[in-house]
Amino acid sequence: MFTLIGRIVAALSMAGFVAALLRVRGTGGVPPQTEGWREVTGPDLR
Amino acid sequence: MRIAVLGLGASGSHVARQLGASDIDEILLYDADSARMRLVIGAMSGSAAARSGEPDGAGADIVILATPGGNHLAAAQQALANGAHVVSMSDDVSDVRSLLALDEQAAGRGLSVLVGCGFAPGLTCLLAVHAANLLDEVVEIAVAKAGTGGPECARHHHRAMKQDALDWIDGQWILRRGGSGRDLAWFPPPIGAHDCYRASLPSPLLLQRRFPEAGRIAARVTATRRDRFTKRLPMLRRPHADGGPGAVRVELRGRKNGVFETVVYAAMHHPSVASGTVAAVTALQLAGHGGRPPWPAGARGLAEVGDPLPILQELHGRGLRLATFQGLTWNA
């Protein structure tokens, strides 16, 4: 019983460690927060 | 300058309205439904230039074909025989193919046949060329359309979903099943995100003539699950008098200074109004309004008329809202 719980705790700990590593070291960048559709006006059409 | 408009449905009546607000000597209007024709002429009472015309547009210098798609070839041939330029609004693939085949005949008479002059194709062709001018090399073009114009446009949308789509992939035409290829396209507000599917659409045919080097050209339309499920059945209910508001979206991927970039342009409006405005402005440019040099004789789509800016400027001035999506540049 203890072995099973120990394995679960170990697996969750490892998953948390990997997730934290990716969260800190990941290079995906931040998706655009301010960009989007912009209406084309007169100066864009010159 | 005399301009004839044949077909006064949802889009044709907007062509007439746009011409009525322009400096035209005479506008000849014809519709097989005489009551409809009287209604449109009556609504244009402020424009002294509008009067009823002949079924073949006889007497006009430019004939705008705004009748339902599928029968534009005969009308265009008659207009050419009468010595008139032709502006076709058809988005039917067979119409577009056969009208483009009139190139030699039109060139021989010193006349122009402008094909697919509506919302999509038409405005999409102009936006594609405008977007391509921002790139050194075009790799891929994706066109999407949301919304329909009048009842005939809705019926055509229904038919197009059950016919094969033409995709240009790596130098050859590939037939794809209509209703396949779901792609989530983001249109400007208030249209928003919609699933789009392949259908029998002429945009790739017209764009490939301008961008033969592109690796991939495809077009899709928005559709619901019910549209796809019932595509092989007759329409289950009468189409709306006007299926707007709608939008078109053109996405070009390519390279600029060695960096892979994506350029997205869109336009938002009721498709019937936008189509009518595009056809009217095209005819006015053909008539020499705006001071642009005359287009060479022959048959072509709006992607092949050179600089798209004069037409886009005029469309913008007539209330067509254009937009670009920013935030899509990355290194590859």
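In this predicted model, the interface between the two chains brings 13 residues of chain B into contact with eight residues of chain A. On the chain B side, two elements, α11 (309–317) and β16 (321–325), each supply at least two of the residues that touch chain A, and the largest share, five residues, comes from β16(B). Sorted by class, the residues that chain B presents to chain A divide into seven nonpolar, five polar and one charged.

A separate contact lies within chain B, where helix α6 (residues 123–132) and helix α8 (residues 203–210) have axes that come within 10 Å and cross at roughly 35 degrees. The crossing in which α6(B) passes α8(B) is right-handed. The residues that make this contact are set out by helix below.

| Helix | Residues in the contact |
|---|---|
| α6(B) | B:Thr124, B:Cys125, B:Ala128, B:Val129 |
| α8(B) | B:Ser203, B:Leu206, B:Leu207, B:Arg210 |

Taken by class, the contact of α6(B) with α8(B) consists of five nonpolar, two polar and one charged residues. In general, two packed helices are described by the angle between their axes and the distance between the axes, and for α6(B) and α8(B) these are roughly 35 degrees and within 10 Å.

How values were computed: Residues are numbered from 1 along each chain as its sequence is written. Chains are lettered from A and ligands numbered from 1 in the order in which they are written. This is a predicted model: local features need pLDDT of at least 70, side-chain atom pairs count only at pLDDT 80 or more; totals for chains, interfaces and linings use all residues. Two residues are in contact if their C-beta atoms, placed from the backbone, lie within 7 Å. Helices (H or I, at least four residues) and strands (E, at least two) are DSSP runs, numbered from the N terminus. Ala, Val, Leu, Ile, Met, Phe, Trp, Tyr, Cys and Pro count as nonpolar, Asp, Glu, Lys and Arg as charged, and the others, Gly among them, as polar. Axes are lines fitted to C-alpha atoms, for helices over the stretch in contact, and angles run from 0 to 180 degrees between N-to-C directions. A crossing is left-handed if the near helix is turned anticlockwise from the far one by less than a right angle, and right-handed if clockwise.
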